[in-house]
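Dear colleague,

Please find the structure below, together with its sequence. My notes on selected features follow it.

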Amino acid sequence: MPPKSGVSRTRNVGYDDDDVYDDDDDYYEAGEDGAEAGDGMTADDKEQMRVGTMQIREALGEMSGFASDEQIQEALWHYYYDIAKSVTYLKNKLGIAPKQEAPRQEKAKTASRFDQAASVADQNAPATAGSTPKKKRNATTNGEKLAESVERLNVDEPRVRSKNLNVVDEFEKSGLKRMANFVVVGHVDHGKSTLMGRLLFDLKVIDQRSIDKLRKEAETIGKSSFALAWVMDETSEERSRGVTVDIATNYFETDNTRFTILDAPGHKDFIPNMISGASQADFPVLVIDASTNSFEAGLKGQTKEHILIARSMGMQHIIVAVNKMDTVSWSKSRFDDISKRMTAFLTEASFSEKRITFIPLAGITGENVIKRVENSAAHWYTGETLLEALEHIELPQRDLQKPLRLSVADVFRGDIRSPLSISGRIDSGTLQVGDVILALPANETATIKSIEVQDTPVDWAVAGQIPTLHLTDIDPVHLRQGDMVCAPNAPVKLVKAFTSKLLAFEHVLPMPVEVFRSTLNSPGGIRTLSARLNKFTGEVVKKKPRIIKPGEVARVVVQLERELPIEEGMRVVIRERGRTVGAGLMENVA
Ligand SMILES: Nc1nc2c(ncn2[C@@H]2O[C@H](COP(=O)(O)OP(=O)(O)OP(=O)(O)O)[C@@H](O)[C@H]2O)c(=O)[nH]1
């Protein structure tokens, strides 16, 4: 599937969570390395670089000889192919800008050498986008000639206009199908990718020719069964955009629902990515390998961790795909045993029994995926197929009337006109083209230039959808994976301490922890155990307990080392030394 949006995710702008507060210099240093390496460039990038170099040379006119290709490309890379900014920077760097004292940097953060140079040149920069064209006059000096050629180059970019739609009305009029986002979780090798590949193949999202091609590729490495697993990658942005995105995303629709599949990596080293996937999902599909010993191994491994994270994120319904039933001859007793043990585990993690759906299936053959199993050994099962269960699942209430809250799951480079794009689920509220949004914790605004939902350009998006927003008027340094985007007139507060209702998965006492709000996280600690609560009524059972046992609910005070954007009703995941120890529901600022 070729990228329809023209968006390239060649270089994710997200960084280690630890460096959230690092200064700009480090950020730009990383950028330069990427540019110099050059290898990670897509064909689109290379083409933009080639055309950009030509345009810059033209703009520099006779000064062009002073700039090497390398310098031009460095500037283009840094400025996301923005020609005017690159020329401004180069002009100053080459010392051909009209001389003027550099203004003092007012910013608290140290500006990079790129920005320092550009800001000097900006003082004399020609008309910028949207400004009235200046009267032509005869250029005499080299600087003036250059300024004139840059002026010619400037595109008169229209400002982003809002249609001022009443998005809630538009949504109601649109008759959109219900939207369901699910994350596929489970232990490594339990068959997540194969199952999703089968689902997409049987739904004809991928055609026979493509699957044959994948099968051929898989046969060359002696693993023909991998073909189905590769479907996810094949149709996902990951392969088509030729880059590594953290969460592979695919879409399909049935008569009544549009689904988004979020495929989170199963490996334990990728738990933060799994958290990011889960933060966009309405419910998880947990894949369990029914074959002997595999289920047991998984329960000790990522199966458990993934369930706890999904629950911590507030997900209430879960579909458990008991996979590889072909390997146990569709044994009813094996299915019943797994269902019983999983129910015990899931209810301990606070899932309600009536919201758990178990389905025996085989991803590799497609039995009970969208087609009912016909094997006589499986006649004991008369329940739903996976697709039926997906269509019938109850979805969370969408809060369209509340202020905008969007958890940023992915940050990437857009095209020349919208150099920065983000995607993530709208947790509440609505947005439309032309809206100004506030990015937290950076506390910087941006304008939404265009919106895509499931690769289709749209004017607006609402809670429950996972749009891609192409932004303008913001420096990419201000947005990272895990950030919160909200309405500037109703921002989320940045807090350093808060009271939380905590569901403990492990023993919890006052101790150092890591607090995740989506993927944004901070070290901190459980400062006080205020009370143990009745799990169902929320009444105080015991004041100031010394310890909280697994399965118990308590009111605790959480202290953070760094401020996080959290407000009442938001969920946090509490982890300690790489394990998820509790799920927190924010009550108020402490
Ligand atoms: N017999 C049988 N094998 C299966 C079935 N589903 C998947 N497999 C095999 O199990 C292995 C792992 O499948 P994957 O789909 O790659 O598993 P995964 O959970 O996506 O693995 P990670 O992406 O590494 O987390 C592959 O060799 C598959 O062919 C099934 O229903 N029956």
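I574 stands opposite G582 in strand 24. The model is a predicted one, in which local features need pLDDT of at least 70 and side-chain atom pairs count only at pLDDT 80 or more, while totals for chains, interfaces and linings use all residues. Residues are numbered from 1 along each chain as its sequence is written, and side-chain values use heavy atoms, with hydrogens and water left out.

Strand 23 (residues 571-576) and strand 24 run antiparallel and are joined by six bridges; two strands count as paired if DSSP finds at least two bridges between them. Helices (H or I, at least four residues) and strands (E, at least two) are DSSP runs, numbered from the N terminus. Two residues separate the strands of this hairpin, and R577 takes a positive phi near 45° there. Strand 24 (residues 579-589) also pairs with strand 18 (residues 494-504), in the antiparallel sense and over seven bridges. Within that pairing, K501 has L585 as its bridge partner.

The ligand is surrounded by 18 residues, of which K192, S193, T194, K324 and D326 are the closest; a residue is counted if one of its heavy atoms lies within 4 Å of the ligand. By class, this shell holds five nonpolar, nine polar and four charged residues. Here Ala, Val, Leu, Ile, Met, Phe, Trp, Tyr, Cys and Pro count as nonpolar, Asp, Glu, Lys and Arg as charged, and the others, Gly among them, as polar.

Among the polar contacts (N or O atoms within 3.5 Å), a polar side-chain atom of T194 lies 2.5 Å from a ligand oxygen atom. A polar backbone atom of S193 is 2.8 Å from an oxygen atom of the ligand, and for a backbone N or O atom of H190 the distance to a ligand oxygen is 3.3 Å. The ligand taken alone exposes 650 Å², of which the protein buries 79% (Shrake-Rupley method, 1.4 Å probe). Helix 8 (192-202) and helix 10 (226-235) are the elements that give two or more residues to the shell, and helix 8 gives the most, with three.

The second largest pocket has a volume of about 1,000 Å³, taken as the space filled by probe spheres set on grid points joined across faces, edges and corners. A pocket is an open set of points on a 1 Å grid over the protein atoms alone, where a 1.4 Å probe fits, with protein on both sides within 12 Å along at least five of seven lines; lining residues have an atom within 4 Å of a point. Of its 34 lining residues, M313, R425, D427, G569 and R571 are the closest to the centre.

Yours sincerely

Methods:
Polar contact = N/O pair within 3.5 Å; in protein donor to acceptor, adjacent residues only side chain to side chain.
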